[in-house]
2 protein chains.
Amino acid sequence: MSNQKIQIGIVGYGNLGKGVHKAIAQNSDMELVAVFTRREPSELAAGAEGIRFESITNAEAYKGKIDVMILCGGSATDLPEQTPFLASMFNTVDSFDTHAKIPEFFEAVDRAASENGTLSVISTGWDPGLFSLNRLLAEAILPEGKDYTFWGKGVSQGHSDAIRRVPGVKGGVQYTVPVQSVIDRIRSGETPEFTTREKHLRECYVVAEEGADEEQIRQTIVNMPNYFSDYDTTVTFITEEQLKSEHQGMPHGGFVIRSGVTGQGTKQLIEFGLKLESNPEFTASVLVAYARAAHRLSASGQTGAKTVFDIPFGLLSPKSAEELRRELL
Amino acid sequence: MSNQKIQIGIVGYGNLGKGVHKAIAQNSDMELVAVFTRREPSELAAGAEGIRFESITNAEAYKGKIDVMILCGGSATDLPEQTPFLASMFNTVDSFDTHAKIPEFFEAVDRAASENGTLSVISTGWDPGLFSLNRLLAEAILPEGKDYTFWGKGVSQGHSDAIRRVPGVKGGVQYTVPVQSVIDRIRSGETPEFTTREKHLRECYVVAEEGADEEQIRQTIVNMPNYFSDYDTTVTFITEEQLKSEHQGMPHGGFVIRSGVTGQGTKQLIEFGLKLESNPEFTASVLVAYARAAHRLSASGQTGAKTVFDIPFGLLSPKSAEELRRELL
């Protein structure tokens, strides 16, 4: 590790950006230079002492002063625009998570980064990210087999929003929950066919408006097409106080399990799992580890877009290759 | 993937070497050229049709005809000699697993490979190997935390041998078993201090000789220093038939769990686990995936010794980078 700390910029200061700020504090080889925002910088500064806030339009002034920009915007509209733009000036890391659009996103970022001699690690986090790594590893080791990804227990933002749009609903949250009996069957070595909906339940916690018909709300939710009608869905009515005290966290997690065979039908099982009290703080911690790798790859002369598949784990750790071999191999 | 299959040699034809042979059959981009042995090649050939056996002393004749040699000898005496020797002529992959001696082993292999323009991946398999990767990954993402490695349920060869040396014992096998209550505490977010012996039980299945004093055998085993005296050890007497029918497999597995915190004490848990019906067949499958990576790294001009920490997962898969991004990210 060199004496010079890795200079980090954060773009976006929602839950993920705040998580990155906290994660940098846990990594002594890194230093936060500034947080870039589309909002009015002075508004944010009021609530966060010791952080320098800058308008995103001012990012260019930091060229050469920031080793890696960690991009904390959303995948729908922010990152498709921000990553290629910022990759033209900085090394970047992001958590672009629209699986179907990764190939075109990769192309756009790769072009911007390659042309400008920077390096961008796209689609880190845990899915895509750590889960993808485990899908690849398990498939490469057990080519004859089947893999299963489970998500949860965790909050689904899209489904929570759908609940809140139901007439008579004041507030609510939806948890995606893996079906334990399905997990047990797979862990025992079975390789059944399951759709995502057969593998997951949907648990809804709902605050009704005064005088609203709870049974009607329940029926509207469980029969909602696309969101709930094809799932086993439970609706539990709670008070506004309970919603605030028991459902404000952002837990998540899940499993990637591959069940395969070697030789003559010898069963082999590989499983990777996460149990997270805070999804954004964990995702932020993954972004920060990959920022270290991005900095090192760039320093060694590499450019263009990279994914977690292209990066050796050794580059994620602040320890030297010798230390890693001695302590962790 | 090029049209030319990766040409593989196997050195050693015990359980691991046989596992590699089976694993190559599951990977259509690879081809077995020959198995090299210290035994009389014609003896082995009798029981294994379609395999070319060669004396290890004849390996040099295969220079240029084999892309990667997969070394399947033991870590105590075989590999410290064989890996540097063969690395002077071939790319190699091995599963050297004496953790304490990895640094000096790495140095010796690195010297041989660097001087001769070859590439050697050392200490693959699952521990060292996949478990090491997960220890590194989890520590890099959650720098504030603690990790726990559990082994089993699985056969310990050294402990099984120790049982069989007890007077009055005709045969026997020992399983190392993780303590479920300890695993449960860690999964629930506790980070207690545990020694290896507190985390594991030892289950012994013993066939007594006719007329032997079973209670005396039990006492000798459970009080045996170094092997059993500090562990919770159970001894179950079985018949020779039971030993043959129920205890001939080589199951193993285990877990690497890291329990860490982000932000202000937010608990985060990362877990990786294996449940293997055959330890040697699984280890062989890992060796074969790393042989693919060794071939590609060597083809791209890299030389010297590498570990799993140095190798991006993308190189383990027969799929192209584009396919991997589209299908698995």
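How many salt bridges does a search of the whole structure find over all chains? The search finds 34. In a salt bridge, a side-chain nitrogen of Lys or Arg is within 4 Å of a carboxyl oxygen of Asp or Glu. This is a predicted model, in which local features need pLDDT of at least 70, side-chain atom pairs count only at pLDDT 80 or more, and totals for chains, interfaces and linings use all residues. Residues are numbered from 1 along each chain as its sequence is written, chains are lettered from A and ligands numbered from 1 in the order in which they are written, and side-chain values use heavy atoms, with hydrogens and water left out.

**View 1. The contact between chain B and chain A.** Chain B gives 64 residues and chain A gives 64 residues (contact: heavy atoms within 4.5 Å). About 5700 Å² is buried between the two chains, and carbon and sulfur atoms give 62% of that area. Buried area is the accessible area (1.4 Å probe) that two parts lose on being put together, summed over both. The rule finds 2 salt bridges across this interface. In one of the salt bridges, Lys319(B) pairs with Glu139(A), with the closest N and O atoms 2.9 Å apart.

**View 2. The side of chain B that touches chain A.** Between the chains, 32 residue pairs are in polar contact (both at pLDDT 80 or more). A polar contact is a pair of N or O atoms within 3.5 Å; within protein, one must be able to donate a hydrogen and the other to accept it, and residues adjacent in sequence count only if both atoms are side-chain atoms. Elements of chain B that give two or more residues to this side include helix 4 (102–116), helix 5 (130–141) and helix 11 (279–299). Strand 13 of chain B gives the largest share, 11 residues. Helices (H or I, at least four residues) and strands (E, at least two) are DSSP runs, numbered from the N terminus.

**View 3. Strand 13 against strand 13.** Strand 13 (residues 266–276) of chain A pairs with strand 13 of chain B in the antiparallel sense, over 9 bridges. Two strands pair if DSSP finds at least two bridges between them. Leu274(A) stands opposite Ile270(B).

**View 4. Backbone details in loops.** A cis peptide bond joins Asp127(B) and Pro128(B), with omega about 5°. Pro128(B) sits in the loop between strand 6 (119–121) and helix 5 of chain B. The bond from Gly152(B) to Lys153(B) is also cis, with omega near 0°. Asn226(A) is not a glycine, yet has a positive phi of about 70°.

**View 5. The salt bridge of Lys170(A) and Glu240(A).** These side chains meet at 3.1 Å, N to O. Lys170(A) lies in strand 9 (residues 169–178) of chain A and Glu240(A) in helix 10 (residues 240–246) of chain A, so the pair ties together parts 70 residues apart in sequence.
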